[in-house]
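Q: Please take a close look at the loops of this model, and in particular at their backbone. I would like the answer to set them in the context of the whole chain.

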Amino acid sequence: MAAFLWLVYLVVGGLLLPGHSLSSLAEAAAVANNDGGSSQLGNFALQKILADSSEVFGDGYTRSGSSNKMKNINRAEWMKRIPDSTPLTQLNIPGTHDSATWNFTQATSDAILHNTDPANDVYPAAVYQCQRVSILAALNGGIRFFDLRYGFDPTGVRLVFWHAHALLSELATVQDVLFGVYAWLEEHKSEVVILSLKAEETGVTFPPGHATPESLLVTSLTTPAARQYILQRHDSLGQLGPARGKVILFRRFDTPTSLGGESKLPGLHLSPSTWPDNGKAFSLLYNPAKNLSAHIEDYYEPNDLPEGQKGNASVHIAAKLASVEANLQLAAANRNDDDVDRDGLFVTFTSAEHNANVPPILPVIMALGNGTDVTPLGGVNRRLVKEVLPKLQGKRLGVLVIDFWDEPADLDLVGTILGL
Ligand SMILES: *[C@@H]1O[C@H](CO)[C@@H](O)[C@H](O)[C@H]1NC(C)=O
Ligand SMILES: *[C@@H]1O[C@H](CO)[C@@H](O)[C@H](O)[C@H]1NC(C)=O
Ligand SMILES: *[C@@H]1O[C@H](CO)[C@@H](O)[C@H](O)[C@H]1NC(C)=O
Ligand SMILES: *[C@@H]1O[C@H](CO)[C@@H](O)[C@H](O)[C@H]1NC(C)=O
């Protein structure tokens, strides 16, 4: 099996080597019918990789739960209408938080759990699930920022997806999912996809001397295919034009000197050592020479609430919403050409939880509320559309990183962010 996968990577990697007559997946697919031989094999190899990635990347419109009206809204090319000269920091970019959790239902957890060390508690699946729609369906629905959390699989050989101690798929590797994104970009050349990569505390450990997850990650991010599809620009985002058809890396990991150091990989480096836990508003400098910073809201667990109100879902939602609104107001305010923050990147996480509460305030309760008796105004998603975004119409918002992005089904959160 491993040998076969390696062969598959060699075949696809070989097709994408610069100078080879077949320089892209589209060309490979286009000639597959009349060129026989290696191009057909390349196409078959891609199909195999996409099948392997489907538990995380998705396949068609894949949703854990019933479909909603977003199924019929195609936003696969919303960037097409935006001028090439637009700085990427000026765009409103909908994103998903813990994007790989969309199929992590209780049934999935039960099916995978036997692989996880029993010493590592794995809580009910609802504690971990933050989405219901696959990455592919989210791409087609307009999502352009994906929060991906990686770690070794339990054998310590492959890089796969986790949310805390919960393994999300036994099959889909980070490498396979990257190919899914490249193949999608090949079909949607106007679009830019930001991939945030962060090491997860999986609870799986290996003896001293074992490779680090980052060594596999750096390899995956420097293959011939990666060099073609990842924007090779360091420490700034630049304009939309040159980034079309590309992935931009949002590196929430460090690349030690032994792996080539921070200059080895393109994109923005946001070191986990400088990223504060549960921060309401903080700035991380990603380009000291040009003084460019990311201005981030990541208050995922509202905790500075008055005694007596802790555990009240509606109070937690209101506290999160206030922190989200504050960062969006900053993004909206810093827009003038002469403003130092014009090139700053604003990133606002609208996702939150208080799973430790009894009863737990799950990610789904924060995003969507818990019924009109408990949360009469709804969760963060409804309140954003109804109360916050109308005040910011036409303004720069930056990146919004959302849980359950296509819900509630009677509203269009992504359309509202995009100003549609
Ligand atoms: C969801 O996960 C389960 C368990 O791994 C798997 O059998 C199923 O095929 C997955 N669903 C999709 C749509 O990938
Ligand atoms: C750097 O940018 C920050 C805003 O992100 C600003 O407050 C600061 O004054 C700038 N520093 C210099 C030296 O321009
Ligand atoms: C939760 O807080 C809201 C707003 O302060 C209040 O109206 C409601 O009664 C509280 N609910 C409970 C169960 O305490
Ligand atoms: C959410 O609603 C359920 C069912 O009504 C209730 O049992 C639970 O206590 C509520 N949880 C929170 C955090 O409000």
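A: Helices (H or I, at least four residues) and strands (E, at least two) are DSSP runs, numbered from the N terminus. Residues are numbered from 1 along each chain as its sequence is written, chains are lettered from A and ligands numbered from 1 in the order in which they are written, and side-chain values use heavy atoms, with hydrogens and water left out. The model is predicted, so that local features need pLDDT of at least 70 and side-chain atom pairs count only at pLDDT 80 or more, while totals for chains, interfaces and linings use all residues.

With that in place, proline 359 can be located in the loop between strand E10 (345-349) and helix H11 (363-368). The peptide bond that joins valine 358 to proline 359 is cis, with omega at about -5°. Most peptide bonds are trans.

Once neighbours within four places in sequence are set aside, phenylalanine 404 is in contact (heavy atoms within 4.5 Å) with Gln129, Cys130, Gln131, Arg132, Pro363, Val364, Ala367, Leu368 and Asn381. The C-alpha atom of phenylalanine 404 is also 7.9 Å from that of valine 133, although 271 residues separate the two along the chain.

Most residues other than glycine have a negative phi. In alanine 164 phi is near 50°, and this residue sits in the loop between E3 and strand E4 (166-167); because its relative accessibility is 27%, alanine 164 counts as partly exposed. In asparagine 278 phi is near 60°, and this residue is in the loop between E7 and strand E8 (282-287); with a relative accessible area of 12%, asparagine 278 is buried.

The loop between strand E6 (246-252) and strand E7 (268-269) contains threonine 255, which counts as buried because its relative accessibility is 4%. Beyond its neighbours within four places in sequence, threonine 255 is in contact with Gly261, Glu262, Lys264, Leu265 and Val218.

Glutamate 325 is part of helix H10 (residues 313-333) and counts as buried because its relative accessibility is 18%; apart from neighbours within four places in sequence, its contacts are Val388 and Lys391.

As for the ligand, the residues around ligand 1 (those with a heavy atom within 4 Å) are Glu55, Thr62, Trp102, Asn103 and Thr108. A polar side-chain atom of asparagine 103 is 2.3 Å from an oxygen atom of ligand 1, and a polar side-chain atom of threonine 108 is 3.2 Å from an oxygen atom of ligand 1. Ligand 1 taken alone exposes 350 Å², of which the protein buries 59% (areas by the Shrake-Rupley method with a 1.4 Å probe; for residues, only the protein chains shown count as cover).

For the chain as a whole, the protein has 13 helices and eleven strands, and 56% of its 420 residues are buried. Of the contacts between residues at least 6 apart in sequence, 72% join residues at least 24 apart. The protein exposes about 17,300 Å², with carbon and sulfur atoms supplying 55% of that area.

Definitions and conventions
Buried < 20%, exposed > 50% of the residue type's maximum accessible area, 1.4 Å probe, protein only. Polar contact = N/O pair within 3.5 Å; in protein donor to acceptor, adjacent residues only side chain to side chain.
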